[in-house]
Amino acid sequence: MKEFRIAFPKTIPIMAAYIFLGISYGILMTTRGFPFWLPVLTALLVYTGSLEFLLTDILLSSYDPLSALITALMIGSRHIFYGMAMLPKYRGTGKAKFYLIYTCSDETFAVNYSTRIPAGLDKTRFYTSVSALDQAYWVCGSAIGGLCGSLITFDTTGLDFIMTAMFVTIFMNQWLSDSDKMQARRRGHVSGRTAGQIRRTSKVTEDANAASDNASDASAAVKNTSAETAAVSSISSANASGPATAWLCAHGSELIGVAGSLVCLAIFGPDRFIIPTMILVLILLTVFRRQLDTAEEWNLETSAKKDPETADIKNPDAPEAKEVTRS
């Protein structure tokens, strides 16, 4: 099947991550006293990595179904936005849509959302292939970990720290990714400002040449040149405070998560802060969603307000922007 052959290479990085994490999850479950088949069953039925790691403690704690339900809803609340983004892509997939919704993990969403399906391929088969492959990786990893964990006889104290390490790794990966995006935006902003300066310089030169036979016009051209120089200086001074604001904008979601966790930890204590944290973070992300969505345009919008001539640099198809990039 052509769709499967194209989908498989795109899921290889996910395979490496899912099998490793699945093995860790299987070992964690079996070393905590659960049978080897339980991680396989939860991988098939639950299929939510972060919740499955938490499920280990939920099953060992006192019976509290309401708390477990709220925890599951809070952890899975991010999928609301995944579903909204995938609405146009999953339209027309028929009965396969139910399976696609069920298996829409973070990584599966990233592949299915970003991939441009070549003409002549069936999109339903492609999306289903990606989803089925990713789930198969997780199930296989959990099965291997469950079998290996049942054979482990040494002390595994501290193995449950793997969940904390996983979340720290995800956090750092997101932080570094946003830092890279911020640097790319700064480079794009500098390129846009440079292109604007080139256009302004060319305009002033043309005015000066046209007015070479007229002394008064030449004087006006000199005044225009001084005005342009002052405008460039004002843009530079306006952006002097840009890095701090851009940093806050780029890492807004991570800072909300850390701040929400610390506040709830201080108020509710280490045993009961998870659910309040999820609720608080969800509320803050919803309230500041517009600011976070538009934060990446901060530098370019600032430049456009100070100098309208550089506004078209935001368009990557602008001819002058391409010329500056090539140079």
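Colleague: Among contacts in the protein chain between residues at least 6 apart in sequence, what percentage join residues at least 24 apart?

Modeller: That's 78%, with contact meaning heavy atoms within 4.5 Å. Before we go on, this is a predicted model, so local features need pLDDT of at least 70 and side-chain atom pairs count only at pLDDT 80 or more, while totals for chains, interfaces and linings use all residues. Residues are numbered from 1 along each chain as its sequence is written, and side-chain values use heavy atoms, with hydrogens and water left out.

Colleague: Fine. How many helices and strands does the protein chain have?

Modeller: It has 16 helices and zero strands. Both are DSSP runs numbered from the N terminus, helices being H or I with at least four residues and strands E with at least two.

Colleague: And how much of the protein chain is buried?

Modeller: Of its 327 residues, 33% count as buried. Buried means under 20% relative accessible area, exposed means over 50%, and partly exposed is in between (1.4 Å probe, protein chains only). The chain exposes about 19300 Å², with carbon and sulfur atoms supplying 65% of that. Those areas come from the Shrake-Rupley method with a 1.4 Å probe, and for residues only the protein chains shown count as cover.

Colleague: Which residues form the nonpolar patch on the surface?

Modeller: Phe36, Trp37, Leu41, Leu44, Leu45, Tyr102 and Leu147, with about 690 Å² of accessible area together. A patch takes residues with over 30% relative accessible area and no salt bridge; like charges are joined within 9 Å, and nonpolar side chains (Val, Leu, Ile, Met, Phe, Trp, Tyr) within 5 Å.

Colleague: Which helix gives the most to the patch?

Modeller: H2, with four residues. Leu45 sits in that helix and counts as exposed, at 57% relative accessibility.

Colleague: Is Tyr47 buried or exposed?

Modeller: Buried, with a relative accessible area of 7%. Tyr47 is also one of the residues touched by Thr103, along with Thr108, Ser131 and Gln135, leaving out residues up to four places away in sequence.

Colleague: Where's Thr103, then?

Modeller: In the loop between helix H6 (96-102) and helix H7 (106-114). Thr103 is buried at 0% relative accessible area, and its side chain makes a polar contact with the side chain of Ser131 at 3.5 Å. A polar contact is a pair of N or O atoms within 3.5 Å; within protein, one must be able to donate a hydrogen and the other to accept it, and residues adjacent in sequence count only if both atoms are side-chain atoms.

Colleague: Back to H3. Which residues are buried there?

Modeller: Ser50, Leu51, Glu52, Phe53, Leu54, Leu55 and Thr56. H3 has 12 residues and reaches 18 Å from its first C-alpha to its last, close to the 16 Å expected, where the expected span is 1.5 Å times one less than the number of residues.

Colleague: How many salt bridges does the structure hold?

Modeller: One. It pairs Arg32 with Asp57, with the closest N and O atoms 3.1 Å apart. Arg32 is in the loop between helix H1 (2-31) and H2 while Asp57 is in helix H3, so the pair ties together parts that are 25 residues apart in sequence. The cut-off is a side-chain nitrogen of Lys or Arg within 4 Å of a carboxyl oxygen of Asp or Glu. Arg32 is partly exposed at 29% relative accessibility, and Asp57 is partly exposed at 37%.

Colleague: New topic: what's at the start of H8?

Modeller: A side-chain oxygen of Asp122 comes to within 3.0 Å of the backbone nitrogen of Thr124. Lys123 lies in H8 and touches Pro88, Lys89, Arg91, Thr93 and Ile117, not counting residues up to four places away in sequence. A polar atom of the Lys123 side chain is 3.2 Å from the backbone oxygen of Lys89.

Colleague: How far apart are Lys123 and Glu3?

Modeller: They're 120 residues apart in sequence and 8.1 Å apart in space, C-alpha to C-alpha.
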